[in-house]
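Hi everyone, thanks for coming. Could you put the model up on the screen, please?

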Amino acid sequence: MNLENVLPMDIEKRSFEIITEELGQLKLDPEKESIIKRVIHTSADFDYARNLRFSGHVVEDTLAVLKQGGFTIVTDTKMANVGINKTALARLGGTAVCFMSDPDVAARAREAHSTRAAACMEKACTLEGPVIIAVGNAPTALVRLDELIREGRIKPALVIGVPVGFVNVVQSKEIIMQSGVPYIVAVGRKGGSNVAASICNALLYKLTASQEQVNRK
């Protein structure tokens, strides 16, 4: 068994080199490439090179929102929230929240006989400024979000729809892609909180990495 001699600081760089090598002749859209590769890096799953779907100009438009600051990323799990790089987030003047443990969310879910994830989407309607919704676990969040969008109660700057599982997962992703809002969706059953966080980070890094390069000059 031959182990690669890679310094700790170079492991991520080498990982991305391997990803590029293994993608071979598959051509990725330059605008989306870093996002797709980061999801593959997070999951070690090359299916994401083919199953991630992007609405028109979504990366460019989302970066414009991030540049303005004052945005909030709402996640449907604490795991996704924790996985978002808070240093990069703070540098751009954004925040990340997860309402799953909030007492009012639990109460609303009981009252409506729904899930907490769905109730979280209702609470997201109360936020000021641009809102990015990152769903990595609960298809019920996407279904309720679509209803809220249609009711005119919320208009997310971006919906990251990557819940994982078997029950209503595929359908909820199809629903959000038809909701008329910007989206990044992993079609099919695959996804997860780690994938949701990695997409958020890939977008953040597109701006903070360029800022670091400018600062070094």
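**A strand, some helices and a cavity**

Let's start with Ile133, which lies in strand E4. Helices (H or I, at least four residues) and strands (E, at least two) are DSSP runs here, numbered from the N terminus. Before I go on, this is a predicted model: local features need pLDDT of at least 70, side-chain atom pairs count only at pLDDT 80 or more, and totals for chains, interfaces and linings use all residues. Residues are numbered from 1 along each chain as its sequence is written, and side-chain values use heavy atoms, with hydrogens and water left out.

So, is Ile133 buried or exposed? Ile133 is buried, because its relative accessible area is 0%. Buried means under 20% relative accessible area, exposed means over 50%, and partly exposed is in between, with a 1.4 Å probe and protein chains only. Setting aside neighbours within four places in sequence, Ile133 is in contact with Val74, Met121, Ala124, Leu145, Pro156, Leu158, Val159 and Ile160. By contact I mean heavy atoms within 4.5 Å. Ile73 is 60 residues away from Ile133 along the chain, yet their C-alpha atoms are separated by 5.9 Å.

Now for helix H8. It's mostly covered, with seven of its nine residues buried. Those are Ala117, Ala118, Ala119, Cys120, Met121, Glu122 and Ala124. What do they pack against? The answer is strand E2 (72-75), H7, strand E4 (131-135) and H9.

Let's take the two helix partners in turn. Two packed helices are described by the angle between their axes and the distance between the axes. The axes are lines fitted to C-alpha atoms, for helices over the stretch in contact, and angles run from 0 to 180 degrees between N-to-C directions.

Helix H7 (residues 103-112) packs on H8 (residues 116-124) at about 115 degrees, with the axes 8 Å apart. On the H7 side the contact is made by Asp104, Val105, Ala106, Arg108 and Ala109, and on the H8 side by Arg116, Ala119, Cys120, Glu122 and Lys123. That gives five nonpolar, no polar and five charged residues. For those classes, Ala, Val, Leu, Ile, Met, Phe, Trp, Tyr, Cys and Pro count as nonpolar, Asp, Glu, Lys and Arg as charged, and the others, Gly among them, as polar.

With H9 (residues 139-150), H8 makes an angle of about 35 degrees, and the axes are 7 Å apart. Here H8 uses Ala117, Ala118, Met121 and Glu122, while H9 brings Thr140, Ala141, Arg144, Leu145 and Leu148. The classes in this contact are six nonpolar, one polar and two charged.

Which residues line the largest cavity? They are Thr62, Leu66, Ile73, Ile132, Leu158, Ile160, Cys200, Leu203 and Leu204. By class, the lining has eight nonpolar, one polar and no charged residues. H11 gives the most, with three residues.

Ser193 is in helix H11, and it counts as buried because its relative accessibility is 8%. Leaving out residues up to four places away in sequence, Ser193 touches Thr77, Met79, Ala80, Gly136 and Asn137. Glu22, in helix H1 (residues 11-23), is exposed, because its relative accessible area is 55%.

Definitions and conventions
1 Å grid on protein atoms, 1.4 Å probe; cavity = no way out; pocket = protein on both sides within 12 Å on 5 of 7 lines; lining within 4 Å.
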